Every structure is written in structure tokens, then in C-alpha cells.
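Dear colleague,

Please find the structure below, handed over for your reference.

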Amino acid sequence: MSHRPERLAEAIKKEVSDLLREELKDPRIGFATITWVEVSNDLKHAKIFVSVYGNKEEQKATMAALKKAQGYIRTELGRRIRLRHVPEVSFKLDDSIEHGSKVIKLLDGVTRDDE
């Protein structure tokens, strides 16, 4: 078993995070964080999971801006990581942080009721 997809996923996560922070100046991209990257075993596809802070409209706008920038991001990944074949990138909204905060609020409510 090869560790290459995992290493490539970490490299993609780092580089896309840098791109979001430094290069992409689209005002629709709000406070977005790359939570994790999943690369297929054949290294042809990469799903980039993004957590976006804000309401549903801000999340939709950020995801639309990222979808529009997919080509640019893929080109930059090819320059920065130096791969023969750069994987096709797709962005998925990761709402696990939002879900976790809801669970914590529910647990806080239960513990307050017990006191």
C-alpha cells in the first residue's frame, strides 16, 4: 500500500490554504478553512473539504467563488507541487464544525438543566 495519496492530500491542503490566504482576492470568499483533502488512489481526483464561517448565503457565495476558481487553483497546484498529472479538484462544503458546535450547545443545555 502506498502512502502517496495521503502525502499528496497534505501537500494540496497546505498549498490551497496558502492560495486562499495569499492569492485569491475574490470578495465572495469569506472566512474559509480547508479542513481535509481526499485524493483518489489513482491520484486523478482530489476532493477539497472547506469549512466556511457565516450564514447559508455566505457559504453559498464562497462555494460558488471556489468553484469558479477551480481551474486557477489546479494550475497553481501544478506549479507548486510539480506533478506530471495534476488531479482534478472539486470543493465540498464541510459542515462538521457547525454540527459539532450545535452538539456542544445541546450538551451545555443538558448540563445546565441538571444543576
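**Helix packing and aromatic pairs**

In this predicted model, helix H1 (residues 4-23) and helix H3 (residues 70-81) have axes that come within 10 Å and cross at roughly 120°. H1 is therefore oblique to H3, and their crossing is right-handed. On the side of H1, the contact is made by Leu-8, Ala-11, Ile-12, Glu-15, Val-16, Asp-18, Leu-19 and Glu-23; H3 contributes Tyr-72, Ile-73, Glu-76, Leu-77, Arg-80 and Ile-81. Sorted by class, the contact of H1 with H3 has 9 nonpolar and 5 charged residues, and no polar ones.

I turn next to the aromatic rings. The structure holds 2 aromatic pairs.

One of them is formed by Phe-31 and Tyr-53 and is edge-to-face, with 6.4 Å centre to centre and 85° between the planes. This pair links distant parts of the chain, since Phe-31 lies in strand E1 (residues 31-39) and Tyr-53 in strand E2 (residues 45-53), 22 residues apart. Phe-31 is exposed, at a relative accessible area of 59%, and Tyr-53 likewise counts as exposed, at 67% relative accessibility.

Trp-36 and Phe-49 also form an aromatic pair, which is stacked: the centres are 4.2 Å apart, with 5° between the planes. Here too, distant parts of the chain are linked, with Trp-36 in strand E1 and Phe-49 in strand E2, 13 residues apart. Trp-36 counts as partly exposed, at 38% relative accessibility, whereas Phe-49, at 14%, counts as buried because its value is under 20%.

With kind regards

Terms used. Residues numbered from 1 in each chain as written. Predicted model: local features only at pLDDT ≥ 70, side-chain atom pairs only at ≥ 80, totals over all residues. Heavy atoms only, no water. Axes fitted to C-alpha atoms, helices over the stretch in contact; angles between N-to-C directions. Helix = DSSP H or I, 4+ residues; strand = E, 2+ residues; numbered from the N terminus. Parallel < 35°, antiparallel > 145°, perpendicular 65-115°, else oblique. Left-handed = near helix turned anticlockwise from the far one by under 90°. Contact = heavy atoms within 4.5 Å. Nonpolar A, V, L, I, M, F, W, Y, C, P; charged D, E, K, R; others polar. Phe/Tyr/Trp six-rings, centres within 6.5 Å; stacked < 30°, edge-to-face > 60°. Buried < 20%, exposed > 50% of the residue type's maximum accessible area, 1.4 Å probe, protein only.
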